[in-house]
Amino acid sequence: MNELIDLFKHINPDYERLFKIKAEREAMQWLIDKYTYEKVERMLTALPGILSKPYSPTITKPTELRRKLGALLQFMKKEGNKNNGKITHLPE
């Protein structure tokens with residue numbers, strides 16, 4: 001789990017603080033349990049590129065990812081429709 005939280009370093013300059021917060025660890029564990037470690041890792045690897053797009057939901061920590069996952073998936077669907085249906089790195 002710590003390796004996944006570490007991936008937030010690309011979008012959150014204060015990411016070290018996330019390791020200590022119980023709610024952030026619980027949100028990350030929920031994501032892992034729901035989508036598997038590998039899918040969450042792919043999602044977090046893709047997140048910096050997604051967040052650079054206009055109108056994407058702002059996500060800088062695991063609790064926001066859990067809370068805004070639906071908005072993120074809908075945003076990527078819309079982006080996929082613009083890009084001939086190509087959606088990558090998000091859970092199914």
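**Close-up views of a predicted model**

**View 1. Leu 44 and the residues around it.** Leave out the neighbours within four places in sequence, and Leu 44 is in contact with Leu 4, Leu 7, Phe 8, Met 28 and Leu 65. Keep in mind while looking that this is a predicted model.

**View 2. The largest nonpolar core.** Zoom out from Leu 44 and you come to a core of 22 residues, where Phe 8, Met 28, Leu 44, Leu 65 and Leu 72 touch the most other members. The largest share comes from α3, which brings 6 residues. As a rule, nonpolar side chains in soluble globular proteins tend to be buried together.

**View 3. A salt bridge between Asp 6 and Lys 9.** The model has 3 salt bridges, and here Asp 6 pairs with Lys 9, with 3.3 Å between the closest N and O atoms. Asp 6 counts as partly exposed, at 25% relative accessibility. Lys 9 is partly exposed too, with a relative accessible area of 39%. In general, side chains of opposite charge can pair when their charged atoms come close.

**View 4. Asp 14 meets Arg 17.** In this salt bridge, the closest N and O atoms of Asp 14 and Arg 17 are 2.9 Å apart. Asp 14 is partly exposed, its relative accessible area being 38%, and Arg 17 also counts as partly exposed, at 39%.

View 5. Glu 26 and Lys 22 form a salt bridge, and their closest N and O atoms are 3.8 Å apart. Both residues lie in α2, 4 residues apart, which is about one turn of the helix. Glu 26 is partly exposed at 45%, while Lys 22, at 55% relative accessibility, counts as exposed.

**View 6. Tyr 15 and Phe 19, ring by ring.** The model holds 2 aromatic pairs. In this one, the ring centres of Tyr 15 and Phe 19 are 6.2 Å apart and the planes sit at 65°, so the pair is edge-to-face. Tyr 15 is buried, with a relative accessible area of 15%, whereas Phe 19 counts as partly exposed at 25%.

View 7. Trp 30 and Tyr 35 make an edge-to-face aromatic pair, 6.5 Å from centre to centre with 80° between the planes. Trp 30 is partly exposed, at 29% relative accessible area, but Tyr 35 is buried, at 12%.

Key: Residues are numbered from 1 along each chain as its sequence is written. This is a predicted model: local features need pLDDT of at least 70, side-chain atom pairs count only at pLDDT 80 or more; totals for chains, interfaces and linings use all residues. Side-chain values use heavy atoms; hydrogens and water are left out. A nonpolar core is a set of buried Ala, Val, Leu, Ile, Met, Phe, Trp, Tyr and Cys residues joined through side-chain atoms within 4.5 Å. Buried means under 20% relative accessible area, exposed over 50%, partly exposed in between (1.4 Å probe, protein chains only). Helices (H or I, at least four residues) and strands (E, at least two) are DSSP runs, numbered from the N terminus. Contact means heavy atoms within 4.5 Å. A salt bridge is a side-chain nitrogen of Lys or Arg within 4 Å of a carboxyl oxygen of Asp or Glu. Rings of Phe, Tyr and Trp (its six-membered ring) pair if their centres lie within 6.5 Å; planes under 30 degrees apart count as stacked, over 60 as edge-to-face and the rest as tilted.
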